[in-house]
Amino acid sequence: MSLMKDLTNGIYKENPVFKLALGMCPFLAVTTSVENALGMGAAATFVLIASNFLVSLFRNLIPSKVRIPCYIVIIATFVTLVDMVMHAYLPALHKSLGIFIPLIVVNCIILGRAEGFANRHPVLNSIADGIGMGVGFTMAMVVLATFRELLGNGTWLNMNVLGSAFRNQPLLIAILAPGAFILLSFIMGFFKILETRKGGRQ
Amino acid sequence: MEHKRFELAMSPHVGTQQSTRKIMFDVVIALLPALAAATWFFGPGALLIVALSVATAVLAEYLCLKFMKRPVSFAFDGSAIVTGILLAYNVPPGVPWWLPVLGSAFAIVVGKQAFGGLGHNIVNPALLGRAFLMASFPILMTAGWTAPEEWRNGQDNPWETNGIVQEELLEMPNADAISGATPLNVLKQSFDLDKSAALADEEGNHAEAAELGARASGIRHALSQKSTYLNLLVGRRGGCIGETSVLLLLAGALFLIIRGVLEIRLPLSYLGTVALFAWVFGGSGWFNGDPLFHVLAGGVILGGFFMVSDMVTTPVTPKGRIIFGVGAGLLTMVIRRWGGYPEGCSYSILLMNLITPLIDRFTRPKIFGEVKEND
């Protein structure tokens, strides 16, 4: 019962990006295309689940004074794993994500869930939370990447959607940095409106 | 709901004869002569662009207010019209019709209404719209220069005849080849050639360096032949729709000064800084630049009198206004002289808009009667 709640928590109610505003750095940087967003989301989700699992497993062994270094070691292990696997099997994606794969180590969603959830919950719940948060992060990235790729390149997952007339003069700003900020603020504003409509003003 | 009599407005609530509506329509009147010149030089297409831009701005403002359930009468206070005109004045005359529409809608929706409407916008909406268009459509925004008066010779498609002229320019630096490009574009290219010449000189290619240097000075000579002070004053040159006709812009500015709408510190400190900087660094050596050329050739007359002096996004203290003008002038000239763009007017004003609250905070006047605290 509570397992189900932990699983769905990260998808909407505590969506790491739209509700908690965590992980902004990779979120803004790699959402230039849906393909990049999916790749980054998959990598982050794997690290999130694995680190949540290990942190939860060792939560009674790790002395609380050195817990942050311990989390970093655990997370860095899995990030290195992802980095090498991607380099070997998906070299193109690895190249386009670039520095943002090693930077998953300092992604505050992952560290935040280790500290805030896995640290004091049983293993199964932690895994569920990892899955939920990872899916929530991936979905958020795909939403923004959809807008950015459609407007800035006229494609979706490299499929030509808006036609070649549009693709000759796309809204280039959408795949540049300012476009990411502008679209993000519109999406967050949209969620704010939804919230206000549903629960009334807080 | 009834909004006819009691509208909520920002402080101050002390009444004067001036109202937003009156000020804005004064600005519109001041901007209109330059539109006549633009139509004369660039053809009816320029008029159409301005009309589309203004219509979109007012419509976007109306829809935003409707969506946010605020009194829609704000849409007709004239500020959207000013934004629409200024945005259209900032695009090349040869752009396709949908470009100003898009830019104008962005300026109002993101630049103004997203922040809460007139008085709350942190940067000049029209300039934000221009920056948006520059980032999105860099080719259209830097190549649609129509040569003045060409439309009456039957060449009604400036896009075909005046695409990018750089290549021709490098081949034959004569007066005819540069008719379409803006004077500042041409100047930038001559400086780029100077740079390549210096590079070739360092590598030991003295013959190539001499040739490049000669080409650069040839282009500058052709430029001085074509863009005489008279041509620049009247507006017989390539450029954005509203920036070319200096005389008529000045006439509009004079009207605003007489009406008490325009505060003279901002434009004066801005244009003064531009001229001084141009004299010191603008030439190929020191202290031999042409200040008048730099003031007349780009968009600083339009920017200085109608955008630097925007009431919402510039400092309110007298000292702050001078700091703002000097800062914007410096940035404009740094971009022109060493930056990637030929003209830096719009970006300099946008950047200074962002630090306006800071300027206001540090130039706050001493409150009368207050005793300075000892520490």
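A residue is taken as buried if 20 or more other C-beta atoms lie within 10 Å of its own. By that cut-off, 49% of the 375 residues of chain B count as buried in this predicted model. In chain A, buried residues make up 37% of the 202 residues.

The two chains were first described by their secondary structure. Chain B has 18 helices and 0 strands. Chain A has 9 helices and 2 strands. From the N terminus on, the elements of chain A run α-α-α-α-α-α-α-β-β-α-α. Along the principal axes, the C-alpha atoms of chain A fill a box of roughly 60 × 50 × 25 Å. Contacts between residues at least 6 apart in sequence were then examined. In chain A, 74% of them join residues at least 24 apart. In chain B, the share is 70%.

Chain B is divided into domain 1 (20-143), domain 2 (166-238) and domain 3 (263-362). The centres of domain 1 and domain 3 of chain B, taken over C-alpha atoms, are separated by 22 Å. Domain 1 of chain B brings 14 residues to the contact, and domain 3 of chain B brings 11 residues. On the domain 1 side, α3 (79-89) and α5 (125-136) of chain B each supply at least two residues. α5(B) gives the most to that side, with 4 residues. By class, the domain 1 side has 9 nonpolar, 4 polar and 1 charged residues.

The contact between the chains takes 7 residues from chain A and 5 residues from chain B. On the chain A side, 6 residues are nonpolar, 1 is polar and none is charged.

The largest nonpolar core holds 137 residues. Within this core, A:V47, B:I85 and B:I241 touch the most other members. Residues up to four places away in sequence set aside, B:I85 touches B:V28, B:L31, B:V50 and B:V54. In soluble globular proteins, nonpolar side chains tend to be buried together.

Helix α4 of chain B covers residues 98-112. Its 15 residues should span 21 Å at 1.5 Å a residue, and its end C-alpha atoms are 20 Å apart, which agrees. The buried residues of α4(B) include B:L99, B:F106, B:I108 and B:K112. Among the elements that cover the buried residues of α4(B) are α2 (44-67), α3, α5 and α6 (138-143) of chain B. B:L59 lies in helix α2 of chain B. B:L59 is partly exposed, because 17 other C-beta atoms lie within 10 Å. B:L59 and B:I108 are 49 residues apart along the chain, yet their C-alpha atoms are separated by 9.5 Å.

In chain A, A:Y71 is found in helix α4 (residues 67-89). A:Y71 is buried, since 22 other C-beta atoms lie within 10 Å. Neighbours within four places in sequence left aside, A:Y71 is in contact with A:V55, A:L111, A:A114 and A:E115. A:Y71 and A:A114 are 43 residues apart in sequence, but 7.0 Å apart in space, C-alpha to C-alpha.

Helix α7 of chain A runs over residues 123-153. At 1.5 Å a residue, its 31 residues should span 45 Å. Its end C-alpha atoms are 43 Å apart, which agrees. Just after α7(A), A:G154 takes a positive phi of about 75°.

Most residues other than glycine have a negative phi. A:N158 is not a glycine, but has a positive phi of about 65°. A:N158 lies in the loop between β1 (155-156) and β2 (159-160) of chain A. A:N158 counts as exposed, with 10 C-beta neighbours inside 10 Å. In chain B, B:F287 is also a residue other than glycine with a positive phi, near 55°. B:F287 lies in the loop between α13 (265-281) and α14 (291-297) of chain B. With 9 C-beta neighbours inside 10 Å, B:F287 counts as exposed.

Definitions and conventions:
Residues are numbered from 1 along each chain as its sequence is written. Chains are lettered from A and ligands numbered from 1 in the order in which they are written. This is a predicted model: local features need pLDDT of at least 70, side-chain atom pairs count only at pLDDT 80 or more; totals for chains, interfaces and linings use all residues. Domain bounds come from an automatic or database domain assignment. Two residues are in contact if their C-beta atoms, placed from the backbone, lie within 7 Å. Ala, Val, Leu, Ile, Met, Phe, Trp, Tyr, Cys and Pro count as nonpolar, Asp, Glu, Lys and Arg as charged, and the others, Gly among them, as polar. The expected span of a helix is 1.5 Å times one less than its number of residues. A nonpolar core is a set of buried Ala, Val, Leu, Ile, Met, Phe, Trp, Tyr and Cys residues joined through C-beta atoms within 7 Å. A residue is buried if 20 or more other C-beta atoms lie within 10 Å of its own, exposed if 12 or fewer, and partly exposed in between; C-beta atoms are placed from the backbone.
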